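I opened this entry to record what I looked up, one point at a time.

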Amino acid sequence: MKIRKTTIIIHVIAWSVALIWILPFLGVLMTSIRPFNEVLFGWWNFADFHPSFNNFVEAWNHPNVPLGIGMRNSFLVAIPSTLIPMLVASLAAYGFARFSFPIRDYIFAFIVLIMAVPQQMIAVPIFQIMNSLGLVDNYVGLILVHSAWGLAWIILFMRNFFLTLPIEIEEAARVDGASDFKIFYKIVLPMALPALASVAVLQFMWVWNDFFLALILIFDSERLLATQRIPLMRGVFFVDWGVLSAASILVMMVPVLIYALLQKYYIQGMIGWTVKG
Amino acid sequence: MRIKIPPFFSLPALIRKSFFAPALILIVFFVVFPVLQTVYISFFSPSDEFVGFDNYFDVLSQKEIVNVEDVSKGLSQPFGLGALVHNMIWISIHLPLSLFSGLILAIILRDVKGASIVKSAIFLGMVTPMIVGGIILRFTFEKNVGIVNGLLTFLGLEQLTRSWMAYAETTLFALIFGSVWLWTGFSMIVYSAGLTTIPKEYYEAAKIDGASSFRTFFHITFPLLKPMTITVVTMTLLWELKIFDIVFVAAGVSGGPGGAANVLALQMWNWAFRAFDFNRAATVATILTALTLVITIWMTRYMVKK
């Protein structure tokens, strides 16, 4: 079979675009695994090439803002900030999908509208509330805000998913005398596992990647999250791009790995959240 | 089919309400109340006197938000125009560029072998924390070490090389083009999903009728992708209005030299947490939210009409 000329051109274009797109990432990767004097005039010069993990070790044990502790802190915040809203929002989403009461649709529309609100809109009062509760510099405060903040989109996403489930099974269980809660966790939740996986992947990534909420609630240098440590590693007069690149790679490694391993759930979540929503 | 509503205070009714209770409590305490509080603060002076819309007039006349003097000079001095203007410039460049690059890529990649690898490469920017994205942008545009200047040198344009983020004239534009690089993956993925919903028969019919690929695109593909376009436009607009992390880390906490790349979200943070002027900060936040709500309501109304 003759390969058409346009097919070749399209392949060349597509793969060149991919290559160009990846260049900045490649640059940071190359800088992170090489001593800084080698990349001083461009990481694309390979006259000297001595790869090592020194920069990673240095970033991990940075004297002012060790990234290792930051990564641990980020996990401590991101895991509960994923699980709590997943559970809480699933309950509410099931209610919105199955129970009818007078102002249900208005409350639901209101919750959807909340999704558009920028974090800046809650920043000042949240800081004041947490300050008066003594929860500044405390992960409980940050976790509560992240959980509440994630609820709106998870409720929307899970409610749309629950609406696609056949109602007959639940009705049969109800006829057999099962309570609402029992139906929810014995029948509905197991069927919702793929959707919950999408929620977990997206919510975890957003919390891990978040910078703003951490910035306004966590100040203690011991407790800073991973994303907060990155800007602090950039010195004022001299930038050690080697260490900074290594730190960047470490912080982005977590969401990139999750994306690589759980891509199916990520994309389903993304598409379901936007297009169908 | 409807489930019968039990009387309001019966046990089953209370159980059903308890499904909503934890979510509503969290949302009311940590979202609704703070939002209302922010609106409230924006109408009061620092000494807690009601001042009506004075804060809004005050904020909009600050040169950090709209720099009237520099705006009137036009593009001869294209920097420090004020955060609101910068957000608008951001939208006018970033929205069409990222939307159409995503669309074109989605269409091209339908017929490419290994398209999923190419897509993953482009989508990487969406997965990366924005704080890291900002660092990568800064690095990419840096003199000597950055690839942008490397390419310029390669093309013989050595006199153009510089640390793009460090100069007032170029900070904003370097960031905007960099953010296109980070965000195009989103529109590509949404359009890719949309393209799979268009039946093949439409294209076959168009081919039989002898329609050019140009016409096929404008009469079949693009109209059928309208829901995706609405989604991409909305989400991109919201993202552009909320932009914060990459400016913070790539241009600096004050938004670059002379505030040349300052944006609304960053100015809000600066007023709130560096100047401790909560009233001004709340006013900026309210303006920002008003903008995002207008966009969201427009999208929801479109989606409901459909």
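I asked first how H8(A) and H9(A) are oriented to each other. The model is predicted, so I read every value below as computed. Helix H8 of chain A covers residues 167–175 and helix H9 of chain A covers residues 180–191. I found an angle of about 140 degrees between them, with the axes 11 Å apart. Roughly antiparallel would need an angle over 145 degrees, and roughly perpendicular runs from 65 to 115. H8(A) and H9(A) are therefore oblique to each other. I also checked the hand: the crossing of H8(A) with H9(A) is right-handed.

Which residues meet there? From H8(A) I listed A:Ile169, A:Glu170, A:Ala173 and A:Arg174. Their partners in H9(A) are A:Ile183, A:Ile187 and A:Val188. I sorted this contact by class and got 5 nonpolar and 2 charged residues, with no polar ones. I kept the helical repeat in mind: with 3.6 residues a turn, residues three or four places apart point the same way.

Next I turned to the domains of chain A. The assignment gives domain 1 as 5–52 and domain 2 as 59–276. How far apart are the centres of domain 1 of chain A and domain 2 of chain A? I noted 33 Å, taken over C-alpha atoms. For the contact, I counted 6 residues of domain 1 of chain A against 7 residues of domain 2 of chain A. Helix H1 of chain A, residues 5–32, supplies the largest share of the domain 1 side, with 4 residues. By class, that side of domain 1 of chain A has 4 nonpolar and 2 polar residues, and no charged ones.

Then I looked at the two chains together. Chain B brings 72 residues to the contact, and chain A brings 77. Which element gives the most to the chain B side? I found helix H1 of chain B, residues 11–41, with 15 residues. The chain B side divides into 55 nonpolar, 11 polar and 6 charged residues.

My last stop was helix H7 of chain B, residues 147–154. I looked for its buried residues and found B:Ile147, B:Val148, B:Asn149 and B:Gly150. What do the buried residues of H7(B) pack against? I traced them to H1 of chain A, together with helix H6 (130–140) of chain B. Just after H7(B), I noted B:Gly156, with a positive phi of about 80 degrees.

Definitions and conventions:
Residues numbered from 1 in each chain as written. Chains lettered and ligands numbered in written order. Predicted model: local features only at pLDDT ≥ 70, side-chain atom pairs only at ≥ 80, totals over all residues. Domains from an automatic or database assignment. Contact = placed C-beta atoms within 7 Å. Helix = DSSP H or I, 4+ residues; strand = E, 2+ residues; numbered from the N terminus. Nonpolar A, V, L, I, M, F, W, Y, C, P; charged D, E, K, R; others polar. Axes fitted to C-alpha atoms, helices over the stretch in contact; angles between N-to-C directions. Parallel < 35°, antiparallel > 145°, perpendicular 65-115°, else oblique. Left-handed = near helix turned anticlockwise from the far one by under 90°. Buried ≥ 20, exposed ≤ 12 C-beta atoms within 10 Å, placed from the backbone.
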